[in-house]
Amino acid sequence: MAHLLVYLQRTPYGLHPASAVGVCLARDLASRWGATVTAIAMGDGGDADTAITNRASACGADIVHYVGEGGFRRSLERLRPRHVLLPWTSEAISIAEEAGLSAPQPRWVRGSQPDEELDEVTAIVAGGLP
């Protein structure tokens with residue numbers, strides 16, 4: 001089965017907005033393609049991770065997978081996702097580099113996008129347009 005992989009970045013206030021948008025976009029595309037949305041976050045899936053799991057699930061993640069050091073790379077190797085979406089942040093970019101992914105391409109998300117506009121590694125820019 002084809003996978004769309006979304007990196008869930010945590011903030012002191014919960015899930016990073018760009019991660020939430022990434023999961024929503026991935027859900028739209030996965031529904032069109034018959035693919036699965038797998039969301040990956042750092043952590044152990046314990047009680048402190050409940051809010052992240054609930055938010056990612058509400059945005060459309062089929063699976064929320066918690067990994068430790070090096071777990072993102074191992075998940076990429078196992079799942080071989082069609083696309084990877086992550087926030088346009090230094091943390092997410094660093095994790096993509098450590099995993100050996102191609103350079104993330106930043107994108108403003110204004111709604112469902114056609115397939116050809118999504119890069120292999122897409123960095124979601126959160127915030128308002130100027």
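Select Val109 first. Leaving aside neighbours within four places in sequence, Val109 is in contact with Val21, Leu25 and Ile124. Keep in mind that this is a predicted model. Val109 sits in the loop between S7 and S8.

Show the strands next. Six of them form an open sheet, in the order S5-S4-S1-S6-S8-S7, with parallel pairing. Colour the edges: strand S5 (63-67) and strand S7 (105-108) each pair on one side only. From one strand to the next, the twist averages 30 degrees.

Zoom in on S5 and strand S4 (residues 36-42). These two run parallel and are joined by five bridges. Pick Ala41, then find Tyr66 in S5, which is its bridge partner.

Move to strand S8 and select Thr122. Thr122 is buried, because its relative accessible area is 1% and the buried class means under 20%. What does Thr122 touch, leaving aside neighbours within four places in sequence? Its contacts are Val84, Leu85, Leu86, Gln105 and Arg107.

**Helix H2**

Select helix H2, residues 50-59. H2 lies across strand S1 (3-8) and S5, at about 145 degrees to S5. Show the side chains of Ile52, Ala56 and Cys59, which are buried in H2. They are on the same side of the helix, because they cover an arc of only 60 degrees around the axis. In general, an α-helix has 3.6 residues a turn, so residues three or four places apart point the same way.

Which elements do the buried residues of H2 pack against? They pack against S1, strand S2 (10-11), strand S3 (14-15), H1 and S5. Now turn to the other face. Ala51 and Ala58 are exposed there, on the face turned away from the buried side of H2. Step past the end of the helix to Gly60, which follows H2 and has a positive phi, near 120 degrees.

**The cores**

Hide the cartoon and look at side chains. The largest nonpolar core has 23 residues. Which of its members touch the most other members? They are Val6, Leu8, Val23, Val37 and Leu85. S1, helix H1 (17-33), S4 and H2 each supply at least two residues of this core. H1 gives the largest share, seven residues.

Centre the view on Val23. Leaving aside neighbours within four places in sequence, Val23 is in contact with Val6, Leu8, Val37, Ala56, Cys59, Gly60 and Ala61. Then look for a second, separate core of 16 residues, which includes Leu86, Ile95, Ala96 and Ala123.

Select helix H4, residues 90-98. H4 lies across S1, S4, strand S6 (83-87) and strand S8 (121-125), and it runs at about 145 degrees to S6.

Go on to helix H3, residues 71-79. Its buried residues are Gly71, Phe72, Ser75 and Leu76. Look down the axis of H3: these residues line one face of the helix, because they fall within an arc of 140 degrees. S1, S4, S5, S6 and H4 are among the elements that cover the buried residues of H3. Arg80 follows H3, with a positive phi near 45 degrees.

**The aromatic pair**

Finish with rings. Select Tyr7 and Phe72. How are the two rings arranged? They form an edge-to-face aromatic pair, with 5.8 Å centre to centre and 80 degrees between the planes. The pair links distant parts of the chain: Tyr7 is in strand S1 and Phe72 is in helix H3, 65 residues apart.

Check the exposure of each partner. Tyr7 is buried, because its relative accessible area is 1%. Phe72 counts as buried too, at 3% relative accessibility.

Conventions. Residues numbered from 1 in each chain as written. Predicted model: local features only at pLDDT ≥ 70, side-chain atom pairs only at ≥ 80, totals over all residues. Heavy atoms only, no water. Pairing = 2+ DSSP bridges. Helix = DSSP H or I, 4+ residues; strand = E, 2+ residues; numbered from the N terminus. Axes fitted to C-alpha atoms, helices over the stretch in contact; angles between N-to-C directions. Contact = heavy atoms within 4.5 Å. Buried < 20%, exposed > 50% of the residue type's maximum accessible area, 1.4 Å probe, protein only. Core = buried A, V, L, I, M, F, W, Y, C linked by side-chain atoms within 4.5 Å. Arc of directions from axis to C-beta. Phe/Tyr/Trp six-rings, centres within 6.5 Å; stacked < 30°, edge-to-face > 60°.
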